[in-house]
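Keep the structure open beside you as you read.

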Amino acid sequence: MENKRFRLENPLEKRFQCLTCGNLVLFASEDLHSRVVKSCFDCFTKEMTNIPEFTRGEVIDGRWKVDRLLGMGGFGAVFLVTDTKDVESAMKYALKTEYVSQSHNLKQEVYVLKLATQHNRQHFCRFVHAGIGENRPEKAFYLVMTLIGHTLEKLHKVCGRFTLPCALSVGMQCLTAIEEIHSIGFLHRDVKPENFAVSKEDESRVIIIDFGLCRQYLDEKGRIRLPRPIVGFRGTVRYAPMSSHLRREPSRKCDLETWFYQQVELTKGSLPWRQAEKKDETGMFKERCRFGVGLDIFLGGCPRQYVEILRYIDQLGYYDEPDYNKIHNLLRMAMKCFGLTEKYDWVEAARKAEETAQLLRANGGLVV
């Protein structure tokens, strides 16, 4: 009898077509729950390396002196800079830059951040300057803004699961930040822990960042724009609203829905669909978490007010203006029910570390 040999496909690997070069490439499916694969490693590396590079001491646009690189990615590069026209203050700023030929999201960020600064919104970093640096073979568009601290994603990893008073305090500030961006006529469309950070000036203040996926939901007359019949998927799969999974036009409700998923994760430590590999699978998880056993799994261990918040957000329509105060009041009610007060775990950890350091110094390096 002839032996038949079968080639078993690894269930943890999938083949995708690179949208840049068209080649079929093998990817580990475990990495796909948090991002959409668009290009292979070689093409992605080329995109990453084709970003403006400035050296230490170089002056951009005759004004901004580069100190060091803070970070880089598909979005471009961010540098720590000082203002040569204001040497006395010795203030440090963040300069975000992209080549003009590739600048898509950065122009949007400039517009939103400038508008937020003009309207004195409190949960944003401050817009300082924007321009085009021409001291390069290719012109580079740049944005200068005030520095930010760690993101909520990083703080969540460092501190571990947030305490309930911290999760509720953070949730209220994030909700206010979303209300502020809505008040200037924009949807964020990518609400998640890595797009919130603490202020460099005040670590108990949370600010919203990264406006590259923002969309204006009001027209020039201040009316809500008509919804498009079909839209592409936007945002991060884990936190994306149901409308994104259904390819429907996002609304203010959608930012609140993504905020709620983030809030549950910060409260419990994780979401039930964190291991889901595909967008459609994640969407089904979210749909099932609205009722019955799925709801118990989703919100088990959370304050009972979370159920009421979810029900309120779900009943909102495309044109409805959310009642942000209603959600704030429910979060305050949760605080009151548990006898809690405003608290931030990272601030508390820093305070305890300082007290320990002072005790060590007072006792010659020995803790008694």
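**Helices that pack together**

Helix 4 (residues 164–183) packs against helix 6 (residues 252–268) at an angle of about 165 degrees, and their axes lie 10 Å apart. Axes here are lines fitted to C-alpha atoms, for helices over the stretch in contact, and angles run from 0 to 180 degrees between N-to-C directions. The two helices are therefore roughly antiparallel to each other, a label for angles over 145 degrees, where under 35 counts as roughly parallel, 65 to 115 as roughly perpendicular and the rest as oblique. Helices (H or I, at least four residues) and strands (E, at least two) are DSSP runs, numbered from the N terminus.

A word on the model itself: it is predicted, so local features need pLDDT of at least 70 and side-chain atom pairs count only at pLDDT 80 or more, while totals for chains, interfaces and linings use all residues. Residues are numbered from 1 along each chain as its sequence is written, and side-chain values use heavy atoms, with hydrogens and water left out.

Back at the helix pair, the crossing of helix 4 and helix 6 is right-handed, meaning that the near helix is turned clockwise from the far one by less than a right angle, with anticlockwise being left-handed. From helix 4, Leu164, Ala167, Leu168, Val170, Gly171, Cys174, Leu175, Ile178 and His182 meet Arg252, Asp255, Leu256, Trp259, Gln262, Gln263, Leu266 and Thr267 of helix 6; contact means heavy atoms within 4.5 Å. By class, this contact of helix 4 with helix 6 has 10 nonpolar, 5 polar and 2 charged residues. Ala, Val, Leu, Ile, Met, Phe, Trp, Tyr, Cys and Pro count as nonpolar, Asp, Glu, Lys and Arg as charged, and the others, Gly among them, as polar.

Which other helix does helix 6 pack against? The axes of helix 6 and helix 9 (residues 305–314) come within 10 Å and cross at roughly 160 degrees. That makes helix 6 roughly antiparallel to helix 9, and their crossing is left-handed. Here Lys253, Leu256, Glu257, Trp259, Phe260, Gln263, Val264 and Thr267 in helix 6 meet Tyr306, Ile309, Leu310, Ile313 and Asp314 in helix 9. The residues of this contact divide into 8 nonpolar, 2 polar and 3 charged.

Helix 9 also holds valine 307, which touches Leu295 and Leu299, not counting residues up to four places away in sequence. Valine 307 is partly exposed, with a relative accessible area of 29%; buried means under 20%, exposed over 50% and partly exposed in between (1.4 Å probe, protein chains only).

Now for some loops. Is aspartate 190 buried or exposed? Aspartate 190 is buried, at a relative accessible area of 10%, and sits in the loop between strand 10 (186–187) and strand 11 (196–199). Its contacts, leaving out residues up to four places away in sequence, are Asn195, Leu213, Gly235 and Thr236.

Aspartate 61, in the loop between strand 3 (59–60) and strand 4 (64–73), has a phi near 55 degrees, a positive value in a residue other than glycine. Arginine 247 has a positive phi too, near 60 degrees, and is placed in the loop between helix 5 (242–245) and helix 6.

Stepping back, the protein has 11 helices and 13 strands, and buried residues make up 44% of its 368 residues.
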